[in-house]
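The following note sets out points for a colleague working from the coordinates. It treats the ligand site, then the sheet, then the backbone.

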Amino acid sequence: MTDRYAVIGNPIGHSKSPLIHAQFARQCAQDLTYSALECTAAEFANTVRSFRDSGARGLNVTAPFKLQAFELADRHSERASLTGASNALKFEAGHIHAENFDGVGLVNDIQRNLGGSIAGRRVLLLGAGGAARGALGSILEQRPSEVTIANRSVSKAVELAAQFAKRGTVHGVGYANIGEQAFDVIINATSASVDDKQPLAPRSVFTSTSLAYEMAYGRGLTPFLRWAKEAGVTQLADGIGMLIEQAAEAFLWWRGVRPDTAPLIRSLTIPLV
Ligand code: NDP
């Protein structure tokens, strides 16, 4: 019987996950289907359980259900436990297993696809929401010299930094307190671009050799990327590679085979102009 998977979120019409997983399945000769499920928060648990009970094998989870997915699962990986959120579920032997591949997706995109490095580098993480929380553990695993988290609501940045303090040198600040320091890697993990806005960090965070990484994708040159470019940054990237890399990790977890991400990244990347 053909194995079934899906992505669940709300809204879900925009999701590229069905296309990505269909291509991975073709490439790896895996017999599976992958659809999209939309539901309300109140319907989430029942929708997941009935998908599982119908014989399906797993789910990707996107906004706004990553916290609910974590809570619904009865087996949690260390990565999922660290973030309290899950972007991938696996149904196996009567259990719902929770994983979170957002951070490893980001790190793999930066290091494998973009040729950047995090080890020994100064990283500025803008935002302290779900995406920043999901990324922080994986960033710290690479042993950067330090990570500064800057957020509009300062207390969230401070709390997030405190939660990860044992894993590396990390501090949380407000945008006004970043000061005149420059960073090697600046990651926009805010949702400001969705409203055509940019986080209000000082321009001095950039140097000509910095990497400016926008987690949002499919929006071309966002305000954040435009601002970085105007500051002289030449290495600009959006989050399409992160999306595809986290999908590849989920595919590996479910199917035991890792797809080659390069062809999809080439075909889905929008020029940043
Ligand atoms: P959340 O809603 O959890 O967090 C939003 C964050 O953005 C908060 O830190 C919030 O600050 C900040 N923010 C919102 N508007 C502004 C603004 N105008 N100026 C400054 N800060 C602002 O969202 P997520 O963390 O889930 O998502 C963040 C981004 O990451 C989105 O663009 C999303 O599409 C992207 N993403 C990409 C993925 C990928 O695979 N490429 C995966 C996951 C997310 P405050 O706390 O002060 O409100």
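1. The space that the ligand takes is the largest pocket. A pocket here is an open set of points, on a 1 Å grid over the protein atoms alone, where a 1.4 Å probe fits and protein lies on both sides within 12 Å along at least five of seven lines. A molecule sits in such a pocket if more than half of its atoms lie within 2 Å of its grid points.

2. This is a predicted model, in which local features need pLDDT of at least 70, side-chain atom pairs count only at pLDDT 80 or more, and totals for chains, interfaces and linings use all residues. Residues are numbered from 1 along each chain as its sequence is written, and side-chain values use heavy atoms, with hydrogens and water left out.

3. Around the ligand there are 22 residues, of which Ala131, Asn151, Arg152, Ser153 and Lys156 come nearest; a residue is near if one of its heavy atoms lies within 4 Å of the molecule. The shell comprises 10 nonpolar, eight polar and four charged residues, with Gly counted as polar and Asp, Glu, Lys and Arg as charged. Helix 6 (130-141) and helix 9 (240-255) each contribute at least two residues to this shell; helices are DSSP runs of H or I with at least four residues, and strands are runs of E with at least two.

4. For Gly129, a polar backbone atom is 3.4 Å from a ligand oxygen. The ligand taken alone exposes 930 Å², of which the protein buries 77%, by the Shrake-Rupley method with a 1.4 Å probe.

5. Six strands form an open sheet in the order 2-1-3-5-6-4, with mixed pairing; two strands pair if DSSP finds at least two bridges between them. Strand 2 (32-38) and strand 4 (75-76) are at the edges with a single partner strand each, so one side of each has no neighbour in the sheet. Strand 1 (residues 3-9) and strand 3 (residues 58-61) run parallel and are joined by four bridges, with Ile8 partnered by Val61.

6. Most residues other than glycine have a negative phi, and most peptide bonds are trans. Cis peptide bonds join Asn10 to Pro11, with omega about 0 degrees, and Ala63 to Pro64, with omega about 5 degrees. Ala93, in the loop between strand 5 (88-92) and strand 6 (95-99), has a positive phi of about 50 degrees.

Technical notes
Polar contact = N/O pair within 3.5 Å; in protein donor to acceptor, adjacent residues only side chain to side chain. 1 Å grid on protein atoms, 1.4 Å probe; cavity = no way out; pocket = protein on both sides within 12 Å on 5 of 7 lines; lining within 4 Å.
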